[in-house]
Amino acid sequence: MSPSEGTNPPEPRREPDAGGEPSAELPVVAPQLRALRRRASLTLEAAARAAGLSPAHLSRLETGQRQPSLPMLLALARIYGTTVSELLGETVAERDAVVRAADMESTKAGGWTYWQAGASGRGMQALRVHVPYGAQGDLVRVHPGEEWLYVLNGRLRLRLGDTAHLLAPGDSAHFDSLTPHRIAAADHDGADLLFVHTLLQSPTAALCLGPITTTGETP
């Protein structure tokens, strides 16, 4: 029997992408991805880079040629400042525009205390923050996005790149988060501030450079 008799031709091989599976039908998430990326004012290249994907891979997700995995959905939701439910096209309950003081529960991380001062699932996150003296003072952060802060009480040391600033109550700062920055309380009683930042980031995008020793830091 010749090789062509009694056998079926092999099916074309479908090359899967890392983190995703070939999709036989248009997934519900596809039409949402592009709209939410554009709502976040991100180019295909910028969004793909933040999510650790190639632009071609993200384009295939947006056109339904590939279906994202759950970790990928979580990363994209964080980058676009939304939820996995909205990415999947599910109806999102209307967010309350007002956050009452009684509903602001404090959480602690790295010695800092945070109170949620805005609605979740937005493109920006608003917080009230208490920065104790000496906590995270040597931690330099670099990540995509923007940050705005306003000092309520105490004095705050803010280093942006190679420039050091001393902020008093009533002072504010607005800067690109890709500028290496470091925040520390200048007084032993700590400092309180309002803090707003965009959520155009993922855990893999954040970069902590570690302790940096600098003399003459006070302006």
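**Stop 1: the core**

Select L33, L53, L58, L61, L76, Y80 and L87. These residues have the most contacts inside the largest nonpolar core, which holds 21 residues. Bear in mind that this is a predicted model. In soluble globular proteins, nonpolar side chains tend to be buried together.

At least two of its residues come from each of α1, α2 (44–51), α3, α4 (70–80) and α5 (84–87). Which helix gives the largest share of this core? Helix α4 does, with six residues.

**Stop 2: along helix α4**

Stay on α4 and show its side chains. Select M72, L73, A75, L76, A77, I79 and Y80: these are the buried residues of the helix. An α-helix has 3.6 residues a turn, so residues three or four places apart point the same way.

Step off the end of the helix. Just after α4 comes G81, with a positive phi of about 70°.

**Stop 3: a loop residue with a positive phi**

Go to the loop between α1 and α2 and select S41. Most residues other than glycine have a negative phi, and most peptide bonds are trans. S41 is not a glycine, yet its phi is positive, about 60°. Is S41 buried or exposed? S41 counts as exposed, because its relative accessibility is 66% and the cut-off for exposed is over 50%.

**Stop 4**

Side chains of opposite charge can pair when their charged atoms come close. How many salt bridges does a search of the whole structure find? It finds three.

Begin with R34 and E62. Their side chains form a salt bridge, 3.2 Å from N to O.

E62 and R37 are both buried. For E62, the relative accessibility is 7%. R34 counts as partly exposed, at 30%.

Show R34, R37 and E62 together. Salt bridges with shared partners join them into one network.

**Stop 5: a bridge between two loops**

Move on to R155 and D187. They form a salt bridge, with the closest N and O atoms 2.9 Å apart. R155 is in the loop between β7 (146–153) and β8 (156–160), while D187 is in the loop between β11 (181–185) and β12 (191–198). The pair therefore ties together parts that are 32 residues apart in sequence.

R155 counts as partly exposed at 34% relative accessibility. D187 counts as partly exposed at 22%.

**Stop 6: aromatic rings**

A pair of aromatic rings is described by the distance of the centres and the angle of the planes. The structure holds two such pairs.

Select W112 and Y114. Their pair is tilted, with 6.1 Å from centre to centre and 35° between the planes. Both W112 and Y114 are buried.

Next, select W148 and Y150. W148 is partly exposed, with a relative accessible area of 31%. Y150 also counts as partly exposed, at 30%.

**Stop 7: charges over rings**

The charged end of R141 sits over the ring of W112, 5.4 Å from its centre. Then select W115 with R128. Here the charged end of R128 sits over the W115 ring, 4.2 Å from the centre.

**Stop 8: a nonpolar patch**

Finish on the surface. Select W148, L152 and L194, which form a nonpolar patch there. Together they have about 210 Å² of accessible area. L152 belongs to strand β7. L152 is partly exposed, with a relative accessible area of 31%.

Definitions and conventions. Residues are numbered from 1 along each chain as its sequence is written. This is a predicted model: local features need pLDDT of at least 70, side-chain atom pairs count only at pLDDT 80 or more; totals for chains, interfaces and linings use all residues. Side-chain values use heavy atoms; hydrogens and water are left out. A salt bridge is a side-chain nitrogen of Lys or Arg within 4 Å of a carboxyl oxygen of Asp or Glu. Buried means under 20% relative accessible area, exposed over 50%, partly exposed in between (1.4 Å probe, protein chains only). Helices (H or I, at least four residues) and strands (E, at least two) are DSSP runs, numbered from the N terminus. Rings of Phe, Tyr and Trp (its six-membered ring) pair if their centres lie within 6.5 Å; planes under 30 degrees apart count as stacked, over 60 as edge-to-face and the rest as tilted. A charge sits over a ring if NZ of Lys or CZ of Arg is within 6 Å of the ring centre and within 35 degrees of the ring normal. Patches are made of residues with over 30% relative accessible area and no salt bridge: like charges are joined within 9 Å, nonpolar side chains (Val, Leu, Ile, Met, Phe, Trp, Tyr) within 5 Å. Accessible areas come from the Shrake-Rupley method with a 1.4 Å probe; for residues, only the protein chains shown count as cover. A nonpolar core is a set of buried Ala, Val, Leu, Ile, Met, Phe, Trp, Tyr and Cys residues joined through side-chain atoms within 4.5 Å.
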